Amino acid sequence: MLLGALAPAAVAAFAGGLALLAWLDWPPAAAEHLVLAVGILPLILAAMGYFTPVLTRGAAPGRTLAWIPLLALAGGVWVFLALLLAPPAFHPAALPALAAAAVLAGWMRRRARAGLGAPHPCLSWYLAALACLGLALLAILATALFPEQWLALKRLHLHLNLLGFVGLTAVGTLRVLLPTAGGYADPSAAVALRRDLRFALGGTLLAAFGAGWFPPLSVLGGALWSVPLGRFLWGLLGPGRPPWFRTVPARLLATALLGFTVVLAAGLLHGIGGWGTDRAVGLFLLWFLFPLVLGASTQLLPVWWGGAAVARQAVLRERLARGALPRLGLLLAAGALWAAGSGLGWRLGLIALLWHLGRVLHTRLLLRRLDRPRAS
């Protein structure tokens, strides 16, 4: 139930952030944190809690973990309001999210030890992502102690969050979710995740610290990250590729992976001073994060809403997928415009997100109609 509510709320937060950037002369940092801290952070933490029992072959967590994403959400709202109204008050907002990440990581490690056999290696990607989140939040807290290092620590925070927390979570999940969405088996996924984590995590740390203090390290970090991305994409696009393109959710997810590859290159330009922060973050949102959430919500909301009934999931998924590819086209066009320096990109992205949010709410109403005869 929590994930079923957080996913539409995240899309609404995304749309709100783009509205601020498109029409209101408000601080870009506030809009970006509305998207990332209010929208995506609680959703990712809740999704980690949902997938961990599957990855560890254990029992469902029940309702005991519901407060973790809600605590992170409180921290996200705090930092958004602080950046909007009282910027000096944003430092303590890192503490609720830091506590949520630490508790979730501890629970995941306990589940890994108590599970049946070795956990799926995707769990290690989640733990690495939480470690990056923790370091990113500590970097922001450190700016209060070392104000002369503000710019370097801000860049460290940015890269640890985008490449580390979001990137590691997304790529690790895509290795497992894309075959499910595409309706095919990928027996190599576990081996690839186990083999590639060191490249992705090492690349994240080098890119983050390089962006802060020594730009050449960012180039090396990007080269390391390109190893797992290149292998993943070659498996999808090269000879003997699986039939991932047969379903709409899989197309959306694969496009997000391609977008992340482009974003990595853009992030390297930012790390060596060739591109502005806002330009790189905008491309991250429009070509990677938003397509990723479109694909994941189209695939997973029917599961979170419809329960175990496969027929009901199919009906809901078909409804959510209507117009998904045109919405994806709007996001790709929005990213291209933003990369070219046009503010029209935010407006096109906003149209795509509002369209998707309307489709999500309409599908939810359909579910209520489907439930009504059974309730009576």
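A nonpolar core is a set of buried Ala, Val, Leu, Ile, Met, Phe, Trp, Tyr and Cys residues joined through side-chain atoms within 4.5 Å. In this predicted model, the largest such core has 117 residues. Leu45, Leu130, Phe165, Trp225, Phe284, Leu289 and Phe290 are the members with the most contacts inside that core. Helix α10, spanning residues 277-306, supplies the largest share of the core, with 16 residues. As general background, nonpolar side chains in soluble globular proteins tend to be buried together.

With residues up to four places away in sequence set aside, Leu45 touches Ile68, Pro69, Ala72, Ala100, Leu104, Leu130 and Phe165. Two of these partners, Leu130 and Phe165, are themselves listed among the core residues with the most contacts.

Two packed helices are described by the angle between their axes and the distance between the axes. For helix α6 (residues 150-182) and helix α8 (residues 216-237), the axes come within 12 Å and cross at roughly 25°. Because angles under 35 degrees count as roughly parallel, α6 is roughly parallel to α8. Their crossing is left-handed. On the α6 side, the contact involves Leu163, Gly167, Leu168, Val171, Leu174, Arg175 and Leu178; on the α8 side, Trp225, Pro228, Leu229, Arg231, Phe232 and Leu236 take part. Sorted by class, the residues of this contact are 10 nonpolar, 1 polar and 2 charged.

Helix α5 (residues 122-145) packs against helix α7 (residues 189-212) at an angle of about 10°, and their axes are 9 Å apart. This angle makes α5 roughly parallel to α7. From α5, the contact draws on Cys122, Ser124, Trp125, Ala128, Cys132 and Leu135, while α7 contributes Leu193, Asp196, Leu197, Ala200, Leu201, Thr204 and Leu205. By class, there are 10 nonpolar, 2 polar and 1 charged residues in the contact of α5 with α7.

Finally, helix α10 also holds Thr298. Thr298 has a relative accessible area of 0%, so Thr298 is buried. Beyond its neighbours within four places in sequence, Thr298 is in contact with Pro249, Leu252, Arg317, Leu320, Ala321 and His356.

Methods
Residues are numbered from 1 along each chain as its sequence is written. This is a predicted model: local features need pLDDT of at least 70, side-chain atom pairs count only at pLDDT 80 or more; totals for chains, interfaces and linings use all residues. Side-chain values use heavy atoms; hydrogens and water are left out. Buried means under 20% relative accessible area, exposed over 50%, partly exposed in between (1.4 Å probe, protein chains only). Helices (H or I, at least four residues) and strands (E, at least two) are DSSP runs, numbered from the N terminus. Contact means heavy atoms within 4.5 Å. Axes are lines fitted to C-alpha atoms, for helices over the stretch in contact, and angles run from 0 to 180 degrees between N-to-C directions. Angles under 35 degrees count as roughly parallel, over 145 as roughly antiparallel, 65 to 115 as roughly perpendicular and the rest as oblique. A crossing is left-handed if the near helix is turned anticlockwise from the far one by less than a right angle, and right-handed if clockwise. Ala, Val, Leu, Ile, Met, Phe, Trp, Tyr, Cys and Pro count as nonpolar, Asp, Glu, Lys and Arg as charged, and the others, Gly among them, as polar.
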